[in-house]
Amino acid sequence: MPFLGTIVNFFAVLACGLLGTLIKKGVPKRISDALMSAMAICVIYIGIDGALETAPAVSANAFLSDGLIKVLVMIISMGIGTLIGELIDIDKWVCRLGEKLEKKFARESEKGSFAQGFVSCSLLFCVGAMTVNGAFQDAMGKPDILLAKSVIDGVACFVMASTLGIGCAFSAFFVLAYQGLLSVIGCFITNILPAASISYMSMTGSLIIILIGTNVLGCTKIKTANMTPAIFIPAIIAPVIQLIVG
């Protein structure tokens with residue numbers, strides 16, 4: 001059943017976000033802060049693990065190793081993608097969406113944390129190694145990756161919602177729209193996009209996940225939404241670079 005993984009992912013985030021919101025008042029701040037820090041470390045690990053994924057093999061005649069090509073693709077993708085994101089200012093539009101939802105649905109006591117929860121969870125659940133691959137596989141009726149991702153996202157949303165509130169639950173609608181769109185695109189391009197390009201897309205997205213983790217820890221305040229176009233750049237430049245190097 002195509003799109004099953006995305007549907008399950010949507011309900012997992014929504015249900016766990018609502019459940020986390022219900023217990024928010026019952027969790028002392030010191031415990032919620034500790035849980036957030038623990039979750040941030042896990043997010044950073046997931047990002048590092050994805051970024052260190054073995055690079056696709058290249059031709060034996062290539063004058064650059066597969067590792068160097070991987071680094072080159074990621075550097076160029078992050079540079080071009082971030083430039084595009086900054087020019088569009090994706091972060092501003094995502095934050096505005098979060099603020100509009102906050103005004104309409106958040107209670108007075110949740111002002112500020114609603115938008116933060118919505119933006120943080122939306123990016124965390126939609127940027128990374130499992131999202132792109134999972135959505136493309138889901139389009140072919142293979143939901144396994146997204147079903148596993150649903151469990152991870154559900155746990156993360158529960159923990160974050162227990163601190164940031166119902167804004168985290170609303171990120172489920174962003175997940176539904178984003179992964180649904182990727183799955184629709186996947187219906188058309190999975191047969192023509194090289195497997196190596198999809199791997200590079202996943203690895204590049206994992207770099208952004210690391211920054212999301214450092215943002216949650218409070219170490220950085222990077223507009224990671226503006227970096228999201230970088231995820232799609234490898235689909236264009238990876239085949240070109242591999243063609244050039246042999």
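Me: Which residue forms a salt bridge with D153?

Reply: This is a predicted model, in which local features need pLDDT of at least 70, side-chain atom pairs count only at pLDDT 80 or more, and totals for chains, interfaces and linings use all residues. Residues are numbered from 1 along each chain as its sequence is written, and side-chain values use heavy atoms, with hydrogens and water left out. A salt bridge is a side-chain nitrogen of Lys or Arg within 4 Å of a carboxyl oxygen of Asp or Glu. With its closest N and O atoms 2.6 Å apart, the partner of D153 is K149.

Me: In which helix do D153 and K149 both lie?

Reply: Helices are DSSP runs of H or I with at least four residues, strands are runs of E with at least two, and both are numbered from the N terminus. D153 and K149 are four residues apart, about one turn of the helix. The helix that holds both spans residues 144–164 and is α7.

Me: Does D153 count as buried or exposed?

Reply: Buried means under 20% relative accessible area, exposed over 50%, and partly exposed in between (1.4 Å probe, protein chains only). K149 has 4% relative accessibility and therefore counts as buried. D153 is at 5% relative accessibility, so D153 counts as buried.

Me: Which residues gather in a patch of positive charge on the surface?

Reply: Patches take residues with over 30% relative accessible area and no salt bridge, joining like charges within 9 Å and nonpolar side chains (Val, Leu, Ile, Met, Phe, Trp, Tyr) within 5 Å. Lys and Arg count as positive and Asp and Glu as negative, while His and the chain ends are not counted; the charge is placed at NZ of Lys, CZ of Arg, CG of Asp or CD of Glu. One member, R96, is found in helix α4 (residues 90–105) and is partly exposed because its relative accessibility is 39%. The patch consists of K92, R96, K100 and K103.

Me: What is the phi of D89 near?

Reply: D89 lies in the loop between α3 and α4. Its phi is positive, in a residue other than glycine, and is near 60 degrees.

Me: How far apart in space are L101 and G167, C-alpha to C-alpha?

Reply: L101 lies in helix α4 and counts as buried because its relative accessibility is 18%. In sequence, L101 and G167 are 66 residues apart. Their C-alpha separation in space is 8.2 Å.

Me: What share of the 246 residues of the protein count as buried?

Reply: The secondary structure comes to 10 helices and zero strands. Among contacts (heavy atoms within 4.5 Å) between residues at least 6 apart in sequence, 81% join residues at least 24 apart. The accessible surface is about 11700 Å², with 71% belonging to carbon and sulfur atoms. Of the 246 residues, the buried share is 50%.

Methods:
Areas by Shrake-Rupley, 256 points an atom, 1.4 Å probe, with all protein chains shown as cover.
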